[in-house]
Amino acid sequence: MAFVGIQTSVRRRLTRTMMYLVLGTVLALAVSGWFLLVSPSLDSIARARIGQLGALVQAQLHRLASTTDRQLKITASWLSSEGASLDHRTLNRRYMPILAQYPEYSSILIADTGGSEWLLLHKPDGGWMNRLTSPDDTDGKHRFLHWTNSETLEQDESQESDYNPLKRPWFREAMRSPPGQTAWTEIYRFFTLREPGVTAAMRLPTAGGSELVIGLDLRLIDIARHLNSVRLGHSGQAMLLTAEGRVL
């Protein structure tokens, strides 16, 4: 009876050992399979998905750049045919609907080489503002008009300002580029909103021998909103980075 008991004990130990060996082997195979097969496949799928996301972001930005270029060329064509007047009421009636249709653009600017400028800004509260700059403003004040719409003027005021369109990045960038070609600025801080953004600008010769510069302002926050539809999985989102890796 003692011998049978010893045999049973040995058998149990061998069975337990075999189970541990089988479990260990299965675990080792599973870990090896993960690192050798599953993990590389997941990495490959992730890289492919991120590549698709990058292509989507690039397509969205290319579409925005193409739309901006088209709007500048339409404006240039209209100014050439209608004359280079900076009458604010005429310009407001034409461009308020355009800025309302394209929320990516916060403002549009038209300035001449003499230092006169018209700015139309779509304010965050839905209203509108003109800044009218003239080289004759020797007292350092500029005129600001606040509108509900193109026909309803809420406020007409003058404010002290050292603003000069000829010294702004968008004007200088356009003057360095060939006429009719869209020039994009580097990121800079807008004078009126004090927010970072970029401006697409275009130089336009006029019949009188002077030149106009047309600009469309795009705040970085609006460009980011433009990419809201680009998503990675359930929670991943696209981000814009500078060349130095800073998040915009």
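Which residues line the second largest cavity? In this predicted model, they are Gln71, Thr75, Tyr95, Ile98, Tyr105, Ile108 and Leu216.

## How to read this report

Residues are numbered from 1 along each chain as its sequence is written, and side-chain values use heavy atoms, with hydrogens and water left out. Because the model is predicted, local features need pLDDT of at least 70 and side-chain atom pairs count only at pLDDT 80 or more, while totals for chains, interfaces and linings use all residues.

## The two cavities

A cavity here is a set of points, on a 1 Å grid over the protein atoms alone, where a 1.4 Å probe fits but cannot get out; lining residues have an atom within 4 Å of a point. Grid points are joined across faces, edges and corners, and a volume is the space filled by probe spheres set on the points. By this rule there are 2 cavities of 30 Å³ or more.

The largest cavity holds about 130 Å³. Its lining has 15 residues, and the closest to its centre are Leu109, Phe190, Phe191, Thr192 and Asp217. By class, this lining has 9 nonpolar, 3 polar and 3 charged residues (Ala, Val, Leu, Ile, Met, Phe, Trp, Tyr, Cys and Pro count as nonpolar, Asp, Glu, Lys and Arg as charged, and the others, Gly among them, as polar). Strands β1 (107-112) and β2 (117-122) each supply at least two of the lining residues.

The second largest cavity has a volume of about 40 Å³. Helices α1 (2-82) and α2 (88-101) are the elements that give two or more residues to its lining. Helices (H or I, at least four residues) and strands (E, at least two) are DSSP runs, numbered from the N terminus. This lining has 5 nonpolar, 2 polar and no charged residues.

Two strands pair if DSSP finds at least two bridges between them. On one side of the pairing list, β1 and β2 run antiparallel and are joined by 5 bridges, with Glu117 of β2 as the bridge partner of Ala111. Their hairpin has 4 residues between the strands, and Gly115 takes a positive phi near 105 degrees there.

Strand β3 (residues 128-133) also runs antiparallel to β2, through 6 bridges. Glu117 stands opposite Thr133 in β3. The hairpin of β2 and β3 has 5 residues between the strands, and in this hairpin Gly126 takes a positive phi near 100 degrees.

Notes: On a 1 Å grid over the protein atoms alone, a cavity is a set of points where a 1.4 Å probe fits but cannot get out, and a pocket is an open set with protein on both sides within 12 Å along at least five of seven lines; lining residues have an atom within 4 Å of a point.
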